[in-house]
Amino acid sequence: MALADARAICPELATRPADLPREAAALAALRRWAGRYAPMVATDGADGLIADISGVPHLFGGEEDLRADLQARLERAGLAAVSAIAGTRGAAGALARHGGGIVADGALVQGIGHLPVSALRIGHDTAEALARLGLARIADLVHLPRAPLARRFGPGLVLRLDQALGAQPEPVAAEPEPPHFGVRMTLPDPIGLHPDVMAGLARLLDRLCARLALHHRGARRLRLELRRVDSGTVQVEIGLARPMRDPGRIAALFTRGVDEIDAGFGIDALRLTAPLTEPMAPEQTGGGPAARGEDALADLLSSVGNRIGFDRVLRLLPADSLIPERSFLLAPAAYSAPAPMPPSAGPARPVTLFPPEPVSHASGHPPAQFRWRRMRLATLRATGPERIAPEWWFDDPAWRSGLRDYWRIETQQGPRLWLFHTPQSPAWYVHGEFA
Amino acid sequence: MRFDRVSGDAPAPAPAPALALAPARVHEAEGRGRRAFALFQAARHPGPLVWILPAHAPEMPMLPGLPPGIGERLHLLRPAGETDLLWCVEEALRAAPVGLVIAEPERPLSLTAGRRLQLAAEAGRTTGLMLIRQGAGSNATQTRWACEPLAHPQADSTLHRWSRIKNKSGTCESWVVNWNGASAAFHLVPEARQRHEPAEPPR
């Protein structure tokens, strides 16, 4: 039904846009929980879960009790769910989407025969064509010869029918669990000395880095949780300037954070997790001086970033704009790669740039004399103008004064300045300084 | 006398050892042309460059105007306080792969701070260059340079007077250099070690 029709029928209808990623995340969480019923649980479409419970029901006291237990727990969690148990994956899926229930062993045809053919996970066109022929229920299909059916409706229908009735196998393919990058250690006696904590951390790091190496990943952020004997918890978190899994170098970055924590009456458990990881291909260790230099530079950026913040460790990247302020970007060095400046043929640019500073006592055009920063300057040579128009698609408050005519002014006193004139609201400003 | 170094070549030996900074030491530059001097030195030091300036400093290096080859090697650190800034300088000087550390401290460096930076530079075999305000230097510095841009009536000549006004192991001298900041090539106007007075530009 279209939304407009639904609103026409029920004007008080409350609607929300579907949030598919969050729904998928909720289903994935439910799939993890459903692991308590069976080892193999997979998602079935966007709205279902399928579990292979072969050999499991007697642990819960039978199939009825298992299903009742599942329904009761879901209901307590506030979830309205329909469940079905059947001998095949197709039959269970079909029954769960049409009321639910339990199909006894060996009674598949009787159990799902009354369901409409659309329950067989076939296309809408095929279901409609079958209905036009008078084949509305699955029971109508079961006794028909397979060959004409396949010739008329394609092999898909026969495959789905055979899968539902158990003639074709259809295993439950549970997706592998994502690797969990966390290790823990409990201690028989509390510790409190800095070298002791670092030694425990070194053991945890060895295990974590081995696991990271196994999955070809590198940590980008690491969190060390220390549980104290008075059941308080202290945390040390570090960031890394690039994916890394070298225990020795990571331990060096933890030193400062571990130094600052208050151990209280002692620490009796350590937990190390890597909340943020990135793919990292295996690489040869100790390769050449270039690789060592790169490692040492990454270590420097990590340690500086952990103290002053990674948003203050910057790199200059070229940007595609003629506006001086936007002709380059300041990007965090930990999350960007160096890029060379493309060669430009235009007028020279200054080496330093600062927010425009107005000049006073300017006389002439370009000014022959002016004052800037309490210096009286006289122009020796002026090169320009270079007209730069504001980018109208950005509302930049600095460019509200309109067009700018840039001049390179060499002064008799020495400084070589980058001045601009705004013809639409006449004034002179200094914007940069040349070498 | 003219020394030209074409950019893009393999790093040639420094053509003017007079203007070179002693390696593994910390130096200071003051005056209005100190940033140009820092960029000139950056172009002559291979390896990554670290430029440390306070977070509220209005003057930023502008990438399109930097000499070629510097932009992609440059790392900009913008610590919030003076203590953090000195800590960053020390940490960067201790890191072996860094070619040149340029820092702009705001307050005068104490003798302790200056000495610590010298020790860090020796430990990391890294050269440092502090861009200081006039007279805000530390006695621990290896050399101090006074850098001023000079005017010249002839077009396309960008003169700088770079004078070494303090030197722990050597003499103090002054050079007038023609370096336009757009390439690594420069023109040493007077011949080195002949005059003790700042030279007049040739006419």
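Two residues are in contact here if their C-beta atoms, placed from the backbone, lie within 7 Å. With that in hand, among contacts in chain A between residues at least 6 apart in sequence, 53% join residues at least 24 apart.

A word on conventions: this is a predicted model, in which local features need pLDDT of at least 70 and side-chain atom pairs count only at pLDDT 80 or more, while totals for chains, interfaces and linings use all residues. Residues are numbered from 1 along each chain as its sequence is written, and chains are lettered from A and ligands numbered from 1 in the order in which they are written.

**Chain A as a whole**

Chain A has 13 helices and 17 strands; these are DSSP runs (helices H or I, at least four residues; strands E, at least two), numbered from the N terminus. The radius of gyration of chain A is 35 Å, whereas a compact globule of 435 residues would have one near 22 Å. That radius is taken over C-alpha atoms, and the globule rule is 2.2 Å times the number of residues to the power 0.38. Along the principal axes, the C-alpha atoms of chain A fill a box of roughly 105 × 70 × 50 Å.

Chain A is divided into three parts, with bounds that come from an automatic or database domain assignment:

| Domain of chain A | Residues |
|---|---|
| Domain 1 | 22-165 |
| Domain 2 | 182-307 |
| Domain 3 | 352-433 |

The C-alpha centres of domain 1 and domain 3 of chain A lie 76 Å apart.

**Where the chains meet**

In all, 43 residues of chain A are in contact with 42 residues of chain B. On the chain A side, H13(A) gives the most, with eight residues. The residues on this side of chain A divide into 26 nonpolar, 10 polar and seven charged. Here Ala, Val, Leu, Ile, Met, Phe, Trp, Tyr, Cys and Pro count as nonpolar, Asp, Glu, Lys and Arg as charged, and the others, Gly among them, as polar.

**A helix in chain B**

Now have a look at H3(B), residues 111-124, which reaches 20 Å from its first C-alpha to its last. Its buried residues are B:Leu117, B:Ala120, B:Ala121 and B:Gly124. They cover an arc of only 100° around the axis, which puts them on the same side of H3(B); the arc is that of the directions from the helix axis to the C-beta atoms. A residue is buried if 20 or more other C-beta atoms lie within 10 Å of its own, exposed if 12 or fewer, and partly exposed in between. The face turned away from the buried side of H3(B) carries the exposed residues B:Leu111 and B:Thr112.

Notes. Expected span 1.5 Å × (residues − 1).
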